[in-house]
Amino acid sequence: MEQKNNTGMIAMIIGIVAIVISIFGNTFAGNNGVLAIILVLVALVGGIVAIVMGVKARKDSNANQGMGTAGLVTGIIATVFAGISVICVACVACAAVGVANLASDSSALDQLSSALNDLSSSLN
C-alpha cells in the first residue's frame with residue numbers, strides 16, 4: 001500500500017487555523033489594536049498558503065486529494081474573512097483619524113454641533 005503525502009492535510013489545518021484567527025483575532029488581541037492587525041495579516045497569509053498547498057495537493061497524485069480540496073476551501077474562506085477584516089480595520093482607522101482631526105479643530109466641532117442642532121430642530 002502506497003503512503004500518501006500530507007500536503008492536503010497540512011493545507012486544511014492551516015486553513016482552519018486561519019479561519020479561527022480571522023474570526024476571533026480581535027478577541028484574542030483584547031484591546032491591543034496592533035496585535036489585532038498582525039493577527040488579521042497572519043490569517044490572510046495563512047489563507048493564501050492554504051490555497052496554494054490545497055491546489056498543489058489536488059494536482060499531486062501521491063497526495064490525499066480530498067484533504068487538498070478541503071485545504072483549498074478553508075483557505076478561500078480564511079482569505080475572504082481576513083480580507084473583510086482588513087477592510088474593516090482600515091475603515092475604523094480612517095474614522096479614528098477623522099475624529100482626531102475633528103476634535104483638534106474647534107471651529108469644525110462648532111460647525112458640526114450647529115449642523116446637528118439644525119437637524120434636530122428640523123426633525124421636531
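**Entry 1: Ile 10**

I started with Ile 10, which has its place in helix H1. Helices here are DSSP runs of H or I with at least four residues, strands are runs of E with at least two, and both are numbered from the N terminus. Ile 10 counts as partly exposed because its relative accessibility is 40%. I noted the cut-offs: buried is under 20% relative accessible area, exposed is over 50%, and partly exposed lies in between, with a 1.4 Å probe and protein chains only. Then I looked along the chain. Ile 10 and Gly 68 are 58 residues apart, yet their C-alpha atoms are separated by 8.7 Å.

**Entry 2: ground rules**

This is a predicted model, where local features need pLDDT of at least 70 and side-chain atom pairs count only at pLDDT 80 or more, while totals for chains, interfaces and linings use all residues. Residues are numbered from 1 along each chain as its sequence is written, and side-chain values use heavy atoms, with hydrogens and water left out.

I compared Val 20 and Ser 22. Val 20 is partly exposed because its relative accessibility is 35%. Ser 22 is at 7%, so this residue counts as buried. What does Ser 22 touch, not counting residues up to four places away in sequence? I found Ala 43, Ala 78, Phe 81, Ala 82 and Ser 85. Contact means heavy atoms within 4.5 Å.

**Entry 3: helix H2**

The expected span is 1.5 Å times one less than the number of residues. I listed the buried residues of H2, among them Ala 36, Leu 39, Ala 43, Gly 46 and Gly 47. The cover over the buried residues of H2 includes helix H1 (7–29) and helix H3 (65–104).

I recalled one rule for reading such lists. An α-helix has 3.6 residues a turn, so residues three or four places apart point the same way.

**Entry 4: helix H3**

H3 has 40 residues and reaches 58 Å between its first and last C-alpha, close to the 58 Å expected. Its buried residues include Gly 68, Gly 71, Thr 74, Ala 78 and Ala 82. The buried residues of H3 pack against H1 and H2. I picked out Thr 74, which is found in H3. Thr 74 counts as buried because its relative accessibility is 12%. Leaving aside neighbours within four places in sequence, Thr 74 is in contact with Ala 11, Met 12, Gly 15, Ile 16 and Ile 19.

**Entry 5: the core**

Which residues make up the largest nonpolar core? There are six: Ile 21, Ala 29, Ala 36, Leu 39, Ala 43 and Ala 82. H1 and H2 are the elements that give two or more residues to this core. H2 gives the most, with three. A nonpolar core is a set of buried Ala, Val, Leu, Ile, Met, Phe, Trp, Tyr and Cys residues joined through side-chain atoms within 4.5 Å. I also checked Ala 29. Leaving aside neighbours within four places in sequence, Ala 29 is in contact with Leu 35, Ala 36 and Leu 39.
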